[in-house]
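Here are my notes on this one, in the order I would look at things. Have the structure open while you read.

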Amino acid sequence: MSDTEMQPRAEPLAGSLATVGLSKSFGGVRAVDDATVTFLPGKINAVIGPNGSGKTTYFNCVTGMIKPDSGSVSYRGNDITGRPPHRIAQAGIGRSFQLCRIFPRMTVLENMLVSVRSGTVLGKLVSARQRTDIDRARELLTRVGIDHLEHAEARDLSYGQQKLLELAGVLMADPETIMLDEPAGGVNPALIDRIGGLVRTLNSEGKTFLIVEHNMDMIMSLSDHIVVFDRGSPIAAGAPEVVQDDPRVLEAYLGV
Ligand SMILES: Nc1ncnc2c1ncn2[C@@H]1O[C@H](COP(=O)(O)OP(=O)(O)OP(=O)(O)O)[C@@H](O)[C@H]1O
């Protein structure tokens with residue numbers, strides 16, 4: 001991508017998720033530093049960068065897990081800066097976590113049902129036992145390929161299967177934008193392929209993706225648009241073939 005494309009856009013693309021000047025420090029560490037980024041709606045967007053470059057903190061600021069110190073987040077033309085996570089979810093943005101967030105002693109199906117309700121876990125379980133939710137949960141478990149495990153406790157699943165469960169849980173709310181934090185991390189190659197295939201299919205059905213990932217094979221083959229972070233700031237963005245030849249990106253990764 002050219003330097004001009006890195007300039008703040010006066011008006012983010014219609015329907016896109018965008019941040020302007022987003023910053024977040026922890027003590028003296030500027031984890032996210034003046035991040036102005038526009039993601040492409042309807043596309044598979046990736047956020048990459050060396051360890052500690054601020055990708056997860058950026059995700060957390062966008063999804064309301066952390067309040068940014070300054071800057072703004074907008075989605076479909078609305079300012080969603082600092083909204084709590086459930087409001088961000090209501091706006092149509094779903095997310096998964098670097099370390100899976102599931103309830104290990106609940107069954108796979110119960111995990112699916114609690115993912116669609118707010119309130120206490122018990123309240124969620126009681127209110128979620130509706131036929132429509134159960135049908136939808138089973139349909140999504142089939143879709144991600146773990147329907148045969150619906151009665152297993154989540155803790156008995158492999159890590160890759162837990163990631164698939166988490167993704168299926170995110171899909172319960174039918175978000176139009178899905179943010180995945182390291183979907184391939186710690187997952188075996190066969191399940192990485194399955195996750196990649198699911199992302200592709202869901203994208204072809206209209207879902208927008210933002211994916212933080214270290215697996216370069218996956219990112220380069222899957223993404224339409226890549227944003228590269230270094231020391232909290234976006235340093236390059238563009239199509240995979242453009243980004244991978246960008247000297248700033250090589251420098252960030254290799255420290256040359
Ligand atoms: N809660 C926190 N308290 C203090 N420092 C933090 C906190 N969260 C993140 N940091 C620091 O902020 C910087 C960015 O971390 P972050 O986890 O966002 O990077 P990352 O790019 O997601 O890293 P990785 O690829 O290793 O997951 C790091 O220096 C990290 O140590």
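**Notes on the model**

1. I started with strand β8 (residues 208-212), which is mostly covered, with 5 of its 5 residues buried. Buried here means 20 or more other C-beta atoms within 10 Å of the residue's own, against 12 or fewer for exposed and in between for partly exposed, with C-beta atoms placed from the backbone. Strands (E, at least two residues) and helices (H or I, at least four) are DSSP runs, numbered from the N terminus. Cover comes on both faces of β8: Thr208, Leu210 and Val212 are buried on one side, Phe209 and Ile211 on the other.

2. Before going on: this is a predicted model, where local features need pLDDT of at least 70 and side-chain atom pairs count only at pLDDT 80 or more, while totals for chains, interfaces and linings use all residues. Residues are numbered from 1 along each chain as its sequence is written.

3. Now the partners of β8. Strand β3 (residues 44-48) pairs with β8 in the parallel sense over 4 bridges; pairing requires at least two DSSP bridges between the strands. Alanine 46 has isoleucine 211 as its bridge partner. Strand β7 (residues 177-181) also runs parallel to β8, joined by 5 bridges, and methionine 179 stands opposite leucine 210.

4. β7, helix α7 (residues 189-204) and β8 form a right-handed β-α-β unit. Right-handed means that, with the strands pointing away from the viewer, the path from the first strand over the helix to the second runs clockwise.

5. The chain splits into domain 1 (1-92 + 177-256) and domain 2 (102-174), with bounds from an automatic or database domain assignment. Their contact takes 11 residues from domain 1 and 10 residues from domain 2, where contact means C-beta atoms, placed from the backbone, within 7 Å. On the domain 1 side, α7 gives the most, with 4 residues.

6. The largest nonpolar core has 63 residues, and Tyr58, Ala168 and Val228 have the most contacts inside it. Such a core is a set of buried Ala, Val, Leu, Ile, Met, Phe, Trp, Tyr and Cys residues joined through C-beta atoms within 7 Å. Leaving aside neighbours within four places in sequence, alanine 168 touches Met112, Leu140, Leu141 and Val144.

7. Finally, the ligand. Residues surrounding the ligand include Phe26, Asn51 and Lys55, counted as near if the C-beta atom, placed from the backbone, lies within 6 Å. The largest share of this shell, 3 residues, comes from α1.

Technical notes:
Contact = placed C-beta atoms within 7 Å.
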